[in-house]
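Reader: I would like to go through this chain term by term. Please start with the words and then apply them.

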Amino acid sequence: MDFAEVGAALRSRREALQGELHGLTTRPADATPSVGFGKRVGDGTTEAVERINTTAAARSIAASLAEADRALAKLDEASYGLCDGCGKPIGDERLEAIPWATMCVSCAGGRSGDRGRGKAGSRGA
Ligand SMILES: [Zn+2]
């Protein structure tokens, strides 16, 4: 694995994420998307929903940003590729797929795109 290459990839990912986050958080107050439904009922609702979406997006971007940061720090510490949870190797395959991974599959658990817990939900059968 080429650490220099990984570092460059992580840095450019971080920059991209920072740009995204910046765009989300510095949106002008009256840049409300032009929703021309002519309905007056949900005026505040649209805004609230929009804000929630923005917050959720910003949070997930911030989380990704933190991961990229952490991975870069690990490169510096020469602990890149080792799990932050158990200290075991994360595995080349996983690192190739997710260069910013800082935990092995078992420590990372099921947090793949699913924020919060996905297991304790509907128990039908
Ligand atoms: Zn682990």
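Author: Helices (H or I, at least four residues) and strands (E, at least two) are DSSP runs, numbered from the N terminus. The model is predicted: local features need pLDDT of at least 70, side-chain atom pairs count only at pLDDT 80 or more, and totals for chains, interfaces and linings use all residues. Residue numbers start from 1 along each chain as its sequence is written.

Reader: What elements does the chain have, and how do they run from the N terminus?

Author: The chain has 4 helices and 0 strands, so the elements run α-α-α-α.

Reader: Where is the place of Ala 78?

Author: Ala 78 sits in the loop between helix 2 and helix 3 (92–97).

Reader: Why does Ala 78 count as exposed?

Author: A residue is buried if 20 or more other C-beta atoms lie within 10 Å of its own, exposed if 12 or fewer, and partly exposed in between, with C-beta atoms placed from the backbone. Ala 78 has 9 C-beta neighbours inside 10 Å, and therefore counts as exposed.

Reader: What is the phi of Ala 78?

Author: Its phi is positive, about 60°, although Ala 78 is not a glycine. Most residues other than glycine have a negative phi.

Reader: Which residues is Tyr 80 in contact with, leaving aside neighbours within four places in sequence?

Author: Two residues are in contact if their C-beta atoms, placed from the backbone, lie within 7 Å. On that count Tyr 80 is in contact with Phe 3, Ala 71, Lys 74 and Leu 75.
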